[in-house]
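Here is a short note for someone opening this entry for the first time. Please keep the structure in view while reading the points below.

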Amino acid sequence: MLKAMINLMVDSAKIVISSWESKVERDGGVSEIKVDEDLQNLSADVIAKACFGSNYIEAKEIFTKLRDIQRLMSTIFAYAGIPGFRYIPIRTNREIWKIEKEIDRKIMKLIKQRLDHGEEKDLLQMILEGANSYEEKDRFTTNYVASRERFIIDNCKNIFSAGHETTSITASWCLMLLASNQVWQDRVRAEVLQVCGNDPLNATMLRSMDTLNMVIQETLRLYPPSAFVNREATEDININGFQIPKGMNIQIPIAVMQQDPELWGSDAHKFNPERFSNGVIRASKFPQAYTPFGIGPRVCVGQHLAMTELKVILSLILINFQFSISSTYCHSPVFHMLIESHHGVLLKVTKI
Ligand code: HEM
């Protein structure tokens with residue numbers, strides 16, 4: 001399955017590479033490229049294919065709708081902690097509910113197609129199989145058919161929303177950081193060339209790209225796409241005399257924690273992938289200070305897929321292009337549920 005995933009990632013990445021190549025050629029050897037949208041489409045392509053196999057074109061329409069929901073939710077994020085707020089029929093909530101119903105309908109249509117046309121080797125198949133054991137566990141509940149359907153729909157939506165923009169935004173920030181740090185860009189490119197030569201990418205090669213790994217880890221430290229991890233206290237807790245009552249929602253600010261000089265040293269705000277050279281555990285005072293994928297039993301289930309995808313995309317870009325920051329780039333990290341670039345990442349790109 002991993003081999004098939006890597007191949008589909010390479011195929012999707014090649015579409016972006018060849019469109020950038022054509023653009024550079026048309027522009028006479030140097031182009032200004034805003035990379036965000038291309039990377040977002042690339043990542044949508046990968047997760048849609050990984051999740052819905054041959055039905056990925058319909059699946060991509062679902063992405064667009066989920067993105068609309070994300071945008072709407074970010075406008076009311078400040079009220080998210082108010083109990084019951086999401087049930088109040090204000091305009092934004094009504095729009096969200098409408099889109100949610102459309103998404104549910106579309107996902108159900110895809111599931112029906114799959115059940116009618118037979119198995120494929122993708123995440124949807126795994127979710128459907130998971131739903132079978134879920135059904136058995138819930139056999140005695142009165143509404144198990146409805147809950148099984150919800151289980152499938154919610155899992156599809158979770159994977160879509162959790163696995164799509166997180167990865168493309170990380171790739172954008174990573175290119176921005178490498179464009180601003182030519183020494184690291186050259187170093188990672190040299191590693192990729194040395195590991196791959198002219199051979200097609202495979203899992204063993206990706207595993208041996210230590211410098212690229214460090215660069216991605218440092219990107220996720222400085223620009224973790226998920227700014228917070230949320231938890232609800234299931235019982236009264238006392239942490240160093242600080243009382244947290246049962247039922248309280250807690251937001252753990254990943255982005256703040258990962259740049260705290262007390263935990264990371266005086267260069268906490270600087271791009272220095274070297275800090276990860278002895279692994280995550282030795283990079284800061286406490287290993288828990290680094291949590292771009294969350295922590296504990298609810299840690300990101302897609303982290304290995306994400307790291308694989310990032311390595312595939314970035315290594316292919318690095319061996320094909322040299323890039324620097326455009327003189328018109330405006331640094332504008334902004335919080336829209338995820339930490340992304342408001343004006344986009346604009347690079348000056350030449351073909352190698
Ligand atoms: C760079 C990319 C990614 C980042 C930074 C990221 C980050 C996160 C974070 C912070 C959480 C919350 C964890 C917690 O509460 O402790 C999470 C959860 C999750 N992620 Fe990711 N993620 C990424 C990519 C992906 C991908 C590619 C997938 C799917 C294929 C995925 C699927 C999920 C799912 C399903 C959850 C919910 C897990 C649960 O609640 O049990 N993520 N992710």
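**Notes on the model**

1. Start with Glu-309. Glu-309 sits in helix 13, which covers residues 303-320. The model is a predicted one, and the points here should be read with that in mind.

2. Is Glu-309 buried or exposed? Glu-309 is buried, because its relative accessible area is 2%, and the cut-off for buried is under 20%. Setting aside neighbours within four places in sequence, Glu-309 is in contact with Met-9, Ser-43, Val-46 and Thr-167. Glu-309 and Arg-148 are 161 residues apart in sequence. Their C-alpha atoms lie 30 Å apart in space.

3. Now take Arg-114, a residue of helix 4 (residues 91-117). Its relative accessibility is 3%, so Arg-114 counts as buried. Which residues does Arg-114 contact, leaving aside its neighbours within four places in sequence? They are Phe-52, Gly-53, Asn-55, Glu-119, Glu-120, Asp-122, Leu-124, Gln-125 and Leu-128. That list includes Glu-119, Glu-120 and Asp-122. Please look at this site in the viewer.

4. Leu-175 belongs to helix 7, which spans residues 165-180. Leu-175 has a relative accessible area of 0%, so this residue is buried. Beyond residues up to four places away in sequence, Leu-175 touches Trp-20, Val-35, Leu-39, Leu-314, Ile-317, Phe-323 and Leu-347. Leu-175 and Ile-317 are 142 residues apart along the chain. The separation of their C-alpha atoms is 9.2 Å.

5. Next, the core. The largest nonpolar core holds 93 residues. Which of its residues touch the most other members? They are Leu-175, Leu-201, Ile-317 and Phe-323.

6. For the outside, look at Ile-15. Ile-15 lies in helix 1, residues 2-26. With a relative accessible area of 53%, Ile-15 is exposed; the cut-off for exposed is over 50%. Asn-272 is 257 residues away from Ile-15 along the chain. Their C-alpha atoms are separated by 31 Å.

7. Where is Asn-240 found? Asn-240 is in the loop between strand 3 (237-239) and strand 4 (242-244). Asn-240 is not a glycine, yet its phi is positive, at about 45°. Asn-240 counts as exposed because its relative accessibility is 81%.

8. Then step back to the whole chain. How many helices and strands are there in the protein? The protein has 13 helices and nine strands. Its C-alpha atoms fill a box of roughly 65 × 60 × 40 Å along the principal axes. For 352 residues, a compact globule would have a radius of gyration near 20 Å, and the 22 Å of the protein agrees with this.

9. Packing and contacts come next. Of the 352 residues, 44% count as buried. Consider the contacts between residues at least 6 apart in sequence: 70% of them join residues at least 24 apart.

10. Last, surface and charge. The accessible surface of the protein is about 18,900 Å². Carbon and sulfur atoms account for 55% of that surface. The protein carries 40 positive and 41 negative charges.

How values were computed: Residues are numbered from 1 along each chain as its sequence is written. This is a predicted model: local features need pLDDT of at least 70, side-chain atom pairs count only at pLDDT 80 or more; totals for chains, interfaces and linings use all residues. Side-chain values use heavy atoms; hydrogens and water are left out. Helices (H or I, at least four residues) and strands (E, at least two) are DSSP runs, numbered from the N terminus. The radius of gyration is taken over C-alpha atoms; the globule rule is 2.2 Å times the number of residues to the power 0.38. Buried means under 20% relative accessible area, exposed over 50%, partly exposed in between (1.4 Å probe, protein chains only). Contact means heavy atoms within 4.5 Å. Accessible areas come from the Shrake-Rupley method with a 1.4 Å probe; for residues, only the protein chains shown count as cover. Lys and Arg count as positive and Asp and Glu as negative; His and the chain ends are not counted. The place of a charge is taken as NZ of Lys, CZ of Arg, CG of Asp or CD of Glu. A nonpolar core is a set of buried Ala, Val, Leu, Ile, Met, Phe, Trp, Tyr and Cys residues joined through side-chain atoms within 4.5 Å.
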